[in-house]
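Here is a short tour of one protein chain, meant to be read with the model open beside you.

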Amino acid sequence: AIEVLLRYLTSSSVALLNQRFVENDDPWASDTGYSTESYIRTAMTINFDSVSFDRLSSLPEKVLVLLKEHCDEDKLDLVRLRDMVEQVKWKFVHRCEKSPEPFSDIAIYEFEYGEDIQKDLVTYCKTLDEFDELMKWDISKWVDIFRKYFVENHAAIVIAAPSAELY
């Protein structure tokens, strides 16, 4: 669900963060993107590229305010979220067809953090049921997850300013 929401926020010109900060008459950044690291807790990173120096310090607050404003059943787009679920699902299938790495990642994660490795490993490697489950979620469930991980979650904000001295 986290990856789906991150794609929803950043993956195209109609994505919320791209619309607000990239695809407009006064862009704050040249691009947005995301990454995740899955451990016992999932770490999420949202990146903004080529933010002008004079806007660096005010961008984080603008992003946090926008996320809070968007945490509403009337503002999250259920049709687009379901489209993101399909995209993430087929991206996963494609990765699995190209490389065994997704399966080894699942095995390691389940060994380290899973409750019942025999049951969980089979579930995650044999079926795509978790994607089917996400397709059944209503908008209130998506808003709850969005609120928990993108609004109420504590953010660690890193501002990387270019240095003329290092060039």
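How much accessible surface does the protein chain have, and what percentage of it belongs to carbon and sulfur atoms? The accessible surface comes to about 11100 Å², and carbon and sulfur atoms account for 51% of it. Please keep in mind that this is a predicted model.

**The chain as a whole**

The protein chain holds 8 helices and 2 strands. If you follow the sequence, the elements come in the pattern α-α-β-β-α-α-α-α-α-α. Along its principal axes, the C-alpha trace spans about 55 × 45 × 30 Å. The chain has 167 residues, and 31% of them count as buried.

Contacts tell us something about how the sequence is brought together. Taking contacts between residues at least 6 apart in sequence, 63% join residues at least 24 apart.

**The largest pocket**

Next, have a look at the largest pocket, which contains about 1600 Å³ of space. Its lining is made up of 31 residues, and those nearest the centre are E3, T36, S38, T42 and Y109. Several elements each give at least two residues to this lining: helix 1 (2-10), strand 1 (31-38), strand 2, helix 4 (78-98), helix 5 (101-113) and helix 7 (129-136). Which of them gives the largest share of the lining? That is helix 5, with 9 residues.

Two residues deserve a stop of their own, and the table sets out their accessibility.

| Residue | Relative accessibility | Class |
|---|---|---|
| S50 | 62% | exposed |
| W90 | 47% | partly exposed |

S50 sits in the loop between strand 2 (42-49) and helix 3 (59-70). Its phi is positive, about 55°, although S50 is not a glycine. For context, most residues other than glycine have a negative phi. Why does S50 count as exposed? The reason is its relative accessibility of 62%, since exposed means over 50%.

W90 belongs to helix 4, one of the elements that supply at least two residues of the pocket lining. W90 counts as partly exposed because its relative accessibility is 47%, and that class lies between the 20% and 50% cut-offs. W90 and L128 are 38 residues apart along the chain, and their C-alpha atoms are separated by 10.0 Å.

Definitions and conventions: Residues numbered from 1 in each chain as written. Predicted model: local features only at pLDDT ≥ 70, side-chain atom pairs only at ≥ 80, totals over all residues. Heavy atoms only, no water. Helix = DSSP H or I, 4+ residues; strand = E, 2+ residues; numbered from the N terminus. Buried < 20%, exposed > 50% of the residue type's maximum accessible area, 1.4 Å probe, protein only. Contact = heavy atoms within 4.5 Å. Areas by Shrake-Rupley, 256 points an atom, 1.4 Å probe, with all protein chains shown as cover. 1 Å grid on protein atoms, 1.4 Å probe; cavity = no way out; pocket = protein on both sides within 12 Å on 5 of 7 lines; lining within 4 Å. Points joined across faces, edges and corners; volume = space filled by probe spheres on them.
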